[in-house]
Amino acid sequence: MPITALNHVNLRTGQLQAMVHWYTHVLGLVDGPRPAFPFAGAWLYAGDTAVVHLVEVDNPHAVGSEVELKLEHFAFSATDHAAFEARLNTTGTRYKQSTLAEAGLALYNLWDPDGNHIHVDFPLDG
């Protein structure tokens, strides 16, 4: 059975509300329905898919950008990079923008409140 797509990323966080705010206001994801798990969390949607699952934990040292990273980054594909860059500037979000011409991509690298590294990639022709 071949893998066809990445379904979601699950992030543990000691600051659930700050993370929900960042993913909804900076990335434009939507805070949506989540099963009634016995622990706090949130599911953040891109369209009909819950692409980021957040799980609240009590130990803030067990999350985010540890000294030895296990996951360097995850990435989203998106459209309208001019509007996205304007949103980043409006929200005061720190980012680095670069171009990968051979892949036809404009790359935005940014970090959520827990220090997780995220790419948002846009086609150069769109």
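Among contacts (heavy atoms within 4.5 Å) between residues at least 6 apart in sequence, 51% join residues at least 24 apart in this protein. This is a predicted model, so local features need pLDDT of at least 70 and side-chain atom pairs count only at pLDDT 80 or more, while totals for chains, interfaces and linings use all residues. Residues are numbered from 1 along each chain as its sequence is written, and side-chain values use heavy atoms, with hydrogens and water left out.

**Overall make-up**

- The protein has 2 helices and 8 strands, where helices (H or I, at least four residues) and strands (E, at least two) are DSSP runs numbered from the N terminus.
- Going along the sequence, you read β-α-β-β-β-β-α-β-β-β.
- Out of 126 residues, 35% are buried, meaning under 20% relative accessible area with a 1.4 Å probe and protein chains only.

**Strands around S4**

- Strands count as paired here if DSSP finds at least two bridges between them.
- Strand S4 (residues 49-56) pairs with S3 in the antiparallel sense over 6 bridges, and strand S1 (residues 9-13) runs parallel to S4, joined by 5 bridges.
- S4 is largely enclosed by the rest of the structure, because 6 of its 8 residues are buried.
- S3 and S4 form a hairpin with 2 residues between them, and glycine 47 in the turn has a positive phi of about 65°.
- On to S3 (residues 41-46): strand S2 (residues 30-32) is antiparallel to S3, with 3 bridges joining them.
- Tyrosine 45 in S3 has valine 30 opposite, and the bridge partner of tyrosine 45 in S4 is alanine 50.

**Histidine 119**

- Histidine 119 sits in strand S8.
- Is histidine 119 buried or exposed? Histidine 119 is buried, with a relative accessible area of 14%.
- Leaving aside neighbours within four places in sequence, histidine 119 is in contact with His73, Phe74, Ala75, Phe76, Tyr108 and Asn109.

**Second largest pocket**

- The second largest pocket holds about 220 Å³ of space. A pocket is an open set of points on a 1 Å grid over the protein atoms alone, where a 1.4 Å probe fits, with protein on both sides within 12 Å along at least five of seven lines. Its volume is the space filled by probe spheres set on the points, which are joined across faces, edges and corners.
- This pocket is lined by 13 residues, with Leu27, Phe76, Ser77, Ala78 and Val120 nearest its centre; lining residues have an atom within 4 Å of a point.
- Strand S5 (74-77), helix H2 (81-91) and strand S8 (117-123) are the elements giving two or more residues to that lining, and S5 supplies the largest share, 3 residues.
- The lining divides into 10 nonpolar, 2 polar and 1 charged. Nonpolar covers Ala, Val, Leu, Ile, Met, Phe, Trp, Tyr, Cys and Pro, charged covers Asp, Glu, Lys and Arg, and the others, Gly among them, are polar.

How values were computed:
Buried < 20%, exposed > 50% of the residue type's maximum accessible area, 1.4 Å probe, protein only.
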